[in-house]
Structure formats: C-alpha cells, structure tokens
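Dear colleague,

I am handing over to you the structure shown below. Please read the notes that follow beside it.

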Amino acid sequence: MYSIYEYASRVGGLSHDSTRRILAIGEKLFDKPHLNKKFIEGEVGWGKIELVASIATIKDEKDWSKKITTMSFGALRSLIKKSVVHDGVDARDLYENLNLKLKRKTLSQFRVYKKRLEKKERHPMTWDDTVDTLLKNKTTVPPKPGRNIPKAKQDKLEEKYKGVCAFPTCTKPADVIHHPERYALTKNHDNLKPLCKVHHELAHHGLIKNEEQDPTTWELLQKPENSYLKRKIDEKYQKARLQSVGH
Ligand SMILES: [Zn+2]
Ligand SMILES: [Zn+2]
C-alpha cells in the first residue's frame, strides 16, 4: 500500500508539500460546493483556490467561485489581503523586519541613544520609536554635562563618540569625560576622551598604552608606563575612587 503522498508523487508527480496543501484545500472545501466543483474540475489553478479557501465562508463561497475564474492570482491576493484587515490596519503591512549589519561601535551608539531617549521621554521606547525619533530629529539627546568642561568641547565629543567609550574595542556607554594628560597637570580641556567606568579605572592605573594619542592606537598594558607626575595624580584618583568619591 502506498501512502497518499507516495501515490500523489508516483501518479501525479506532486511533491510532498504540494500533496499536503492540496489535501488541506480539499478539507476546507468539503462544505463549499461551488468552490469544490472548481477544485475538482481543475480548470482553475489550485494556487488560486488555496488562496480563496483560506477565507471563503459557506455564505460567500459562490461569489468566490466566480471571482477565481475571472480574476488573476495577484488581484485575488490583494483583495484577500484587504479583507483580513482589522481595524482598518493590517499589521503585516505596517511592520517589516530589517536585518542590519552594523559595526559594534555603531550599534552601541544606537543603544545609548535609545537609553537616553527613554530617560528623556520617561517611558520605554521600541526600536521603531527610536528610529522614528532619529529620522525626525537630527539633534541628539544630550548626555549629562561634564563638570567645568566647555559645552562646545562636550558637543564635539558627543558628535564623535555618541556617548560610547572611546576605547577601540569597547561598546559600553561612556561614564566620564577623561583627561588623558590629566587636568591637574595641564589645567586645560584640550585632550578629552569619553570612557566607560572600567576603561576609566584602567586609564588611572596607567594601563592604557598611547593614552594621550588617538584611541585607534590604544592598547592595554600589563604594567603602567606613565610618567612620575601622572602616577602621583592617579594615586590620588585611585584613593578617591575607593572612597566612592568618583572621578
Ligand atoms: Zn579620568
Ligand atoms: Zn570602555
């Protein structure tokens, strides 16, 4: 004995999937004589009948059986799509998935943006809301202001790093604006880098190689290479941090 699938394959040359779909149509049409007739006669492609079988009712099946002879598959599909609309909006038309390949840094910046937006709006935002805001409004959500650092300089950092730690491989939100040359030594805000908590701590242990250069040249060190003066300042920082005084 053959299974219905084997039979359909040997006799009708149908794949397993086609057989399954045709059987399903037959089941849906058993109480719909007009459509069933079209189905059995085989004059109308079964793709169209499958489409209509998914929504036809006993009441309107006669009407559909006429439509499938005169209308194309495409026309039927858009008609059916429209008829399953709820509250005037079909959710399938509203949303579409997008697969984006982003640099880790860019993705982190996007996440930080979303978090800040939620903080500003005081409620959770969907990714859709977030993109919507981005598209509508080019201005970024301002980060917490750094102490005594001129706004123009903070804006420049914001533009470049968008609230993410400057360490090359780091994707964490920036926690502080750090002075790689130490403010206590330079008394200026010329060289600034936003850093996360961890990289800030590492910086003040002298463990970031080329700390005063562009972050693309940064690397972690096992032993500090900082100057004596910097080490002295960092010792103060380390003590302060332990006392939770912070930066
Ligand atoms: Zn610092
Ligand atoms: Zn970091």
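Helix H2 (residues 16–29) packs against H4 at an angle of about 50°, and their axes lie 10 Å apart. H2 is therefore oblique to H4, oblique being the class left over when angles under 35 degrees count as roughly parallel, over 145 as roughly antiparallel and 65 to 115 as roughly perpendicular. Axes here are lines fitted to C-alpha atoms, for helices over the stretch in contact, with angles running from 0 to 180 degrees between N-to-C directions. Helices (H or I, at least four residues) and strands (E, at least two) are DSSP runs numbered from the N terminus.

H2 and H4 cross in a left-handed manner; a crossing is left-handed if the near helix is turned anticlockwise from the far one by less than a right angle, and right-handed if clockwise. On the H2 side, the contact is made by Arg21, Ile22, Ile25, Lys28 and Leu29, and on the H4 side by Trp46, Ile49, Glu50 and Ala53. Two residues are in contact if their C-beta atoms, placed from the backbone, lie within 7 Å. The contact of H2 with H4 comprises six nonpolar, no polar and three charged residues. In this classification Ala, Val, Leu, Ile, Met, Phe, Trp, Tyr, Cys and Pro are nonpolar, Asp, Glu, Lys and Arg are charged, and the others, Gly among them, are polar.

Please note that this is a predicted model, in which local features need pLDDT of at least 70 and side-chain atom pairs count only at pLDDT 80 or more, while totals for chains, interfaces and linings use all residues. Residues are numbered from 1 along each chain as its sequence is written, and chains are lettered from A and ligands numbered from 1 in the order in which they are written.

H4 (residues 46–53) also packs against helix H3 (residues 33–41), at an angle of about 160° and with the axes 10 Å apart. H3 is therefore roughly antiparallel to H4. The crossing of H3 past H4 is left-handed. Leu35, Lys38 and Phe39 of H3 meet Trp46, Ile49, Val52 and Ala53 of H4 in this contact, which holds six nonpolar residues, no polar ones and one charged.

As to the chain as a whole, the protein has 13 helices and four strands. Of its 247 residues, 19% count as buried, a residue being buried if 20 or more other C-beta atoms (placed from the backbone) lie within 10 Å of its own, exposed if 12 or fewer, and partly exposed in between.

Helix H5 (residues 61–70) has Glu61, Trp64, Ser65 and Ile68 buried. These residues lie on the same side of H5, because they cover an arc of only 105° around the axis; the arc is that of the directions from the helix axis to the C-beta atoms. Asp63, Lys66, Thr69 and Thr70 are exposed on the face of H5 turned away from the buried side.

Two loop residues deserve a note on phi. Most residues other than glycine have a negative phi. Arginine 182, however, has a positive phi near 65°, and lies in the loop between strand E1 (176–178) and helix H11 (183–186). Arginine 182 counts as buried because it has 22 C-beta neighbours inside 10 Å. Lysine 187 has a positive phi near 55° and sits in the loop between H11 and strand E2 (193–195). With 7 other C-beta atoms within 10 Å, lysine 187 is exposed.

Yours sincerely
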